[in-house]
Structures are given as structure tokens and as C-alpha cells.
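Have the sequence and the 3D view at hand as you read.

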Amino acid sequence: MPLAVNSLVLPYYVTNSEVNLRSRVRVQSLGRDRESKILSSDSIPVKGTSIEEKEKNGDLVDGFVRKREKSDEGLVDGGDGRLKYTRVEKKRAKDVISNELEVLWDDGYGTKTVRDCLEGAKEIIKPDGGPPRWFCPVECGQPLKDSPILLFCPGMDGAGLGLTLHHKALGKVFEVRCLHIPVYDRTPFEGLVKFVEKTVRLEHALSPNKPIYLVGDSFGGCLALAVAARNPQIDLVLILANPATSFNRSQLQPMFPLLEALPDELHSAVPYLLSFVMGDPVKMAMVNIESKLPPRLQIEQLANNLTAMLPSLAGLADIIPKDTLLWKLKLLKSAAAYANSRLHSVKAEVLVLSSGKDQMLPSGDESQRLKSSLKNCTVRHFKENGHAVLLEDGVNLLTVIKGTSKYRRSRRLDSVSNYVPPSMSEFKRVSEEVGRKLYSAQKVVGKGSSVYDMQYGHPSLLSIFHAYINHMNFRLLQTASSAAMFSTLDDGKIVRGLGGVPNEGPVLLVGYHMLLGLELPSLVEAFLREKNIMIRGMAHPMAFSGGLETSAEFGMIDWMKVMGAVPVTASNIYRLLSTNSHVLLYPGGVREAFHYKGEEYKLIWPKQQEFVRMAARFGATIVPFGAVGEDDIAELVLDYNDLMKIPVVNGYIRDVARKSIKIRDDSQGEVANQMFYLPGLLPKVPGRFYFLFGKPIETKGKGEILEDKENANQLYLHIKSEVESCLAYLLKKREDDPHRSIIDRTVYRALRSPTDEVPAFDP
């Protein structure tokens with residue numbers, strides 16, 4: 001349970017170390033479902049004295065205190081340097097613990113830097129003679145109700161502050177505890193394994209239906225794998241950042257004998273050298289730099305950050321003195337051997353984060369070895385980052401966890417109940433991250449049929465498709481962000497903006513799917529900007545099964561999940577509507593999004609009224625809508641029929657078809673049988689996207705829809721007709737838009753504020 005402390009003595013963290021407290025410390029223990037309690041300094045051990053309440057009322061079970069009297073549930077110092085766990089009965093704190101986060105919440109990413117990590121380490125490394133212990137960072141605050149626990153196992157430094165950049169974000173959805181291994185502690189690796197294992201087993205006993213997250217950084221990755229191998233029956237999720245399982249193949253192996261012979265006077269220079277090997281100083285210094293700043297200001301701020309950070313590196317000599325460094329290297333060797341010999345026993349869900357510029361370990365190759373060795377392993381590769389990937393710019397750990405579908409509060413992954421809405425930093429980052437992939441995407445697309453998958457080194461049509469999607473979405477975000485939005489009021493009047501779309505759910509948005517889903521980013525962004533509503537898109541199940549993953553890099557499929565997409569299933573639609581969400585549904589699905597030449601703006605829907613009865617069951621408001629503009633972006637020159645006539649290419653398409661998941665049976669005709677393929681497009685000078693949301697259709701109180709199939713079918717045909725009317729209206733009216741051309745919009749913005757909304761035609 002997170003502990004919050006207000007004290008000048010412990011400004012960075014709460015530990016169970018034996019500290020000599022000279023002032024009253026306010027310790028707020030926040031239990032899972034219980035009120036907080038204020039403990040005075042008399043309740044906290046000083047120089048090894050035990051807690052008075054433990055002597056009077058406590059029972060000692062497996063080294064943990066169980067309270068018999070009314071108190072609170074929390075982590076306290078048991079007097080032996082290890083955290084003790086107190087459990088009590090108190091009334092539920094429903095008014096204290098939040099159930100959900102707001103859309104575009106503040107995750108704090110960018111407010112802490114590596115300098116904060118180094119400054120915090122100066123405090124926590126003060127020798128106390130104590131053994132390893134857990135602490136809860138103050139910045140983590142109080143998590144959502146029923147949040148799982150996350151245990152952080154640090155790297156070679158042992159300080160436990162490797163998640164400094166992520167404390168606030170992780171603290172919202174996890175109960176975060178970090179392992180601190182004191183500088184002069186000499187606990188062998190198996191002793192550390194047993195220490196972490198003891199906590200894991202206790203937490204599992206207290207909450208057997210919740211997963212336990214183990215985040216291991218470098219050395220900590222070996223520790224997490226060892227614990228998982230010894231406890232295959234426990235539901236564990238391992239997140240390994242450049243794990244040191246490849247230590248025997250480290251690029252620095254020839255240097256290690258020299259370190260032992262290095263005179264003590266020269267050791268102060270070693271941490272400086274290691275700091276540049278273990279991480280990219282520039283990436284570290286870029287964490288809090290706003291990407292939208294002019295280049296001159298970015299360079300100036302980067303220089304200031306580097307200047308401020310370098311003096312803090314002097315503290316590394318205290319964090320890892322010579323004797324400790326030599327001990328840590330021996331510990332790394334034994335840790336790697338221990339973990340590697342037990343990989344076959346690991347049953348846990350594993351996510352490996354590897355860096356492309358790791359100068360300490362061959363992390364890229366190691367991630368692929370682990371993926372092939374472990375039964376349930378996912379890899380995400382960050383090619384521009386160094387060894388200390390969790391302390392560098394561009395890697396928000398919570399975002400990666402969400403994007404790889406690793407966040408859950410129970411044994412079963414549930415895209416609805418475990419949904420964490422996007423934060424403001426994620427919303428800002430999505431277009432930037434996609435943009436960074438443009439160059440790689442252009443190289444891949446430009447090679448045509450001889451494309452090689454960047455990660456696995458073999459030809460793959462999915463590689464081309466993935467890169468192409470990245471490329472097209474970048475263009476969309478950069479050139480069509482000024483999409484014109486129109487909606488229809490209850491009286492039938494068409495107005496600018498989304499005023500005609502209900503603010504309160506459940507709402508089912510039903511519309512036309514443009515080629516390759518080009519309209520999606522503009523649609524999501526408009527609802528967030530104007531209504532602060534996160535629409536939940538229904539995506540093809542292949543996006544969640546790994547069928548469309550072609551590269552280990554964090555890409556568009558991952559960002560779709562971060563922005564709220566869920567697999568299109570009847571049960572997911574049911575649960576989303578039951579939570580009063582705004583749900584986005586395309587009845588035409590893949591067939592409509594991958595249409596053929598001459599089928600632009602043609603609805604290709606199934607005959608069955610698949611969603612009407614579901615909406616009526618919850619009294620949802622159905623809003624039909626149309627979107628046009630794909631023909632202003634590109635011309636379709638090679639469709640599915642053309643590509644199937646080309647040797648080799650048709651084989652790739654059939655291979656994709658074999659791996660795809662069908663969400664409709666063959667009886668539903670061509671809508672059910674469409675295959676994924678990469679259409680041949682001829683780019684155009686970008687025009688503009690237009691959206692029209694039709695008059696809302698109420699289903700509340702219309703029981704006849706549920707009782708009579710014919711009534712449901714009539715409503716289904718009416719919705720389809722409304723979508724077609726929206727498309728026809730937009731195709732006609734866009735001719736009257738004086739700013740349809742990107743040149744006209746650019747001139748308009750040049751003469752006014754760049755943030756001004758560019759007007760369109762009069763509705």
C-alpha cells in the first residue's frame with residue numbers, strides 16, 4: 001500500500017530503514033479499501049526498536065505483523081529493517097479511493113528528470129546497516145480502487161529509483177513498491193530472490209485473483225525471472241527493461257578485470273564512464289523538453305538540462321563505490337546464470353523492453369532469444385534508446401503497458417473494465433511518435449515487394465502494411481487535422497461542430513469506414529478537443545491477437561489500444577453500452593475499409609441488423625454519420641483484384657488470410673470474406689476531410705425493436721439510409737468550401753493565428 005510522508009527528513013521516499021528521526025514524521029497509511037491513519041514518530045522504530053503496537057496487539061506470521069485490534073492496513077517498519085504488513089478492519093473509504101480516471105488526466109510524465117533521480121539517490125544511499133527493503137515513492141500517491149501491486153527490482157545501482165520518471169503515472173493504477181539494496185549490503189543473489197519471493201507470495205495470499213507485476217531493470221530483470229521460475233502457480237506479469245540475462249555476452253566483459261586492478265584514486269572517474277555506457281545522456285536530458293518548442297529553444301533547454309545533470313553524476317561514485325561495483329559485477333554474473341538455467345520454468349506473462357543503442361548489453365539480440373525461449377513473451381524495441389531506457393525520453397512505461405494489452409486488475413484481460421483513459425501526455429505524444437516512424441516507413445514502402453521485416457529479416461506483406469499505415473496516419477495527422485465537423489440537432493438543423501451529438505451515453509456512432517480507416521485520428525481528436533469524450537472504437541480482433549504485429553517497435557496498433565480501441569465482439573459492445581460509453585462502430589468493417597476501385601463512399605454492410613437490438617436493449621442513442629475526403633488524399637490504382645493477379649504478391653495475401661481471425665461466418669457474403677491487403681495508391685496534394693453526424697435516433701422505450709425482427713430491420717435500413725444521406729450531403733457541399741485546398745488553409749493560418757479553426761462551407 002502506498003505510503004505518503006510529509007517531512008523534511010525524507011523528501012523523496014518512504015522506507016522502512018532504521019533512521020534517527022529528529023522531528024515528528026507524518027506517515028499516512030493508505031490501505032486498499034480503508035481510511036488513512038496518522039502515526040506519530042512514537043509509532044515508528046528508532047534505531048531498531050520495535051513498534052509498540054506490535055508488542056501489545058500483534059501476531060507475527062511469516063515475518064509479517066497481523067493486527068488484532070482496529071487500526072489501518074499498511075506497510076510499517078517491523079524493527080528488523082524489513083517492511084511488516086498490518087491488516088485491520090475499518091470501514092470502506094469509497095469517498096477517498098477513486099474508481100476511474102478522467103480523460104486526458106495528468107500523468108506527470110516530464111515533470112521529473114534523471115537529475116531528480118540522482119538527487120534522490122544521494123539521500124537514500126546513506127549507510128544505515130540495514131538489509132534490502134521495500135519503499136513506496138511519495139509521488140505515486142493513491143491508486144485507483146482495486147489496483148494491482150507493482151514491485152520494482154532495480155538495476156546494478158540498487159537504489160530503487162529507476163522509475164522516477166514514471167512514479168506519478170504508475171501510482172494512479174498500481175500500488176507501487178520499489179526495492180532498495182543498500183550500498184554496502186552483500187546479500188547473495190539467492191537471498192534477494194527469496195526476499196522478493198516472500199513479498200510476492202504474501203501478496204498472492206492476500207489477493208489471489210489479482211496479478212502481481214514485477215518490473216525488472218537490467219539486473220532486476222534476472223531477479224524477476226528467477227522469482228517467476230520459482231513460482232509458476234502465481235499470476236505474474238514481468239516487465240523486463242534490457243534484462244541482464246545476456247551479461248556473459250556484454251560488450252564490456254574485457255573491461256571488468258581492469259576495474260578490479262584500478263587504483264582507488266581513479267575510481268571516481270569510473271561512474272562518469274559508466275553513466276555514458278548505461279544510458280544516452282542526451283535522451284535523458286530531453287525528458288522534460290516540449291516537442292512543440294522552436295528548435296532554437298529546444299537546443300537551449302537541452303544544453304541547460306545537460307549542464308544541470310552532469311554535476312549530479314559525481315554522486316555515482318557514492319552510489320557504486322569500488323568494492324560495491326566489484327560485488328555487483330559478481331552478483332550480475334551469478335544472477336544471469338541463475339535466471340538462464342530456469343527460463344524453461346517461467347510461466348508468467350512477459351514483456352521485454354529492449355534498446356537499440358545499449359552499449360552495455362546486446363539487448364536487441366537478447367530480447368529475441370527470450371521471446372523464443374519463453375512461452376508467453378512480447379517484445380517492444382526502442383532503437384534510439386540506451387541501456388537505461390526507463391530514464392530516457394520517449395518511453396512512458398504506463399503507455400507501453402497499456403499499448404501491449406498488459407494492464408489488468410484480475411486474472412482475465414478485459415479491454416472494457418481494465419480500460420485506463422489516455423493521459424494528456426499520451427494524447428500529445430501519439431502524433432509525434434507516429435511522425436518519428438515516417439522515415440522508416442518510407443524506406444520500407446519504397447522497397448516494394450522485396451521488403452524485409454526490420455526485426456526478423458524476412459519478407460512480409462504485413463511489414464509493408466504496418467509501415468504504410470504508419471506513413472498514412474502521419475500524413476493524416478499533419479495535413480488533415482483541420483477536418484470540418486458538422487452535426488444535426490434534434491430539430492434537423494445542421495450546425496458546425498459536434499453540438500448535435502449527445503454528451504451523455506450510451507451513444508452508438510455508426511458510419512462509413514474510409515479506405516484504411518484514414519478518418520479515425522481526426523474523429524477521435526475532434527471528440528476529445530470539443531467534448532472531452534473518449535470514443536471507444538471497435539477494431540478487428542487481429543489487432544489484439546498479435547496477427548498484425550510485424551515489428552517489435554511500439555507502433556500504430558499499440559497506439560490504437562492506448563486510445564481506447566477494443567476487439568469488435570458482441571460482448572464488448574454490450575459491456576461498453578452498459579457503461580454509458582460513446583462507441584464507434586463500422587458495420588462495413590474490413591470489407592469497407594479495404595474496398596475496391598469504384599467503391600468510394602459505397603456502404604458495404606451485412607444484411608443482418610447486428611447492432612440495432614443491442615442498442616435498444618440499453619436505450620442507447622444511435623448517431624449515423626458520414627465522412628468524405630479519401631479521394632482528396634490518394635487515388636486507388638491497385639485493388640485486391642489487381643494484386644491477386646500478381647505472382648508472389650498473391651501468395652503473401654493468402655498467407656495473411658490464413659492468419660486472420662474471422663468475426664463473421666461465410667453466410668454473410670462478401671462482408672465476411674474480405675482479406676487484408678495493401679492497396680496501390682497514388683498520393684495527391686491533400687484536400688480536406690468532412691464529417692456530418694446525422695440526427696440522433698433514440699431507442700429508449702422502443703420495446704418493439706427488441707420484440708420484432710421486422711421493426712429492428714426497418715430501423716437498420718433507416719440508419720443505413722441516413723449514413724448515405726450524410727455522404728451525399730458532404731460530397732455536394734464540399735465544393736462550396738473556399739478552404740478545401742491545403743494551400744488555402746495554409747494561407748488562412750498564415751494570416752491569422754495558427755491555432756485558429758479554419759472555416760468551411762456554410763451548412
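The notes below go through a strand, a helix and a few individual residues.

## About the model

This is a predicted model, in which local features need pLDDT of at least 70 and side-chain atom pairs count only at pLDDT 80 or more, while totals for chains, interfaces and linings use all residues. Residues are numbered from 1 along each chain as its sequence is written, and side-chain values use heavy atoms, with hydrogens and water left out.

In β12, 6 of 6 residues are buried (under 20% relative accessible area; exposed is over 50% and partly exposed in between, with a 1.4 Å probe and protein chains only). Ile212, Leu214 and Gly216 point one way, and Tyr213, Val215 and Asp217 point the other way.

β12 pairs in the parallel sense with β10 (residues 149–153) over 5 bridges (pairing takes at least two DSSP bridges between two strands). Here leucine 151 stands opposite leucine 214. β12 also runs parallel to β13 (residues 236–241), joined by 6 bridges, and there leucine 238 is the bridge partner of leucine 214. From β12 the chain crosses through helix α5 (residues 219–230) to β13 in a right-handed β-α-β crossover (with the strands pointing away from the viewer, the path from the first strand over the helix to the second runs clockwise).

## Helix α27

Helix α27 covers residues 709–733 and reaches 36 Å from its first C-alpha to its last, close to the expected 36 Å (1.5 Å times one less than its number of residues). Its buried residues include Leu715, Tyr716, Ile719 and Leu730. Among the elements covering them are β18 (507–511), β22 (621–628) and α26 (703–707) (contact means heavy atoms within 4.5 Å).

## Individual residues

Aspartate 393 sits in the loop between β15 (377–382) and α13 (397–403), and it counts as buried because its relative accessibility is 3%. Its side chain makes a polar contact of 3.4 Å with that of arginine 429 (a pair of N or O atoms within 3.5 Å; within protein, one must be able to donate a hydrogen and the other to accept it, and residues adjacent in sequence count only if both atoms are side-chain atoms).

Glycine 505 and proline 506 are joined by a cis peptide bond, with omega about 5 degrees. Aspartate 146 is not a glycine, yet has a positive phi of about 65 degrees; at 39% relative accessibility, aspartate 146 counts as partly exposed.

How values were computed:
Helix = DSSP H or I, 4+ residues; strand = E, 2+ residues; numbered from the N terminus.
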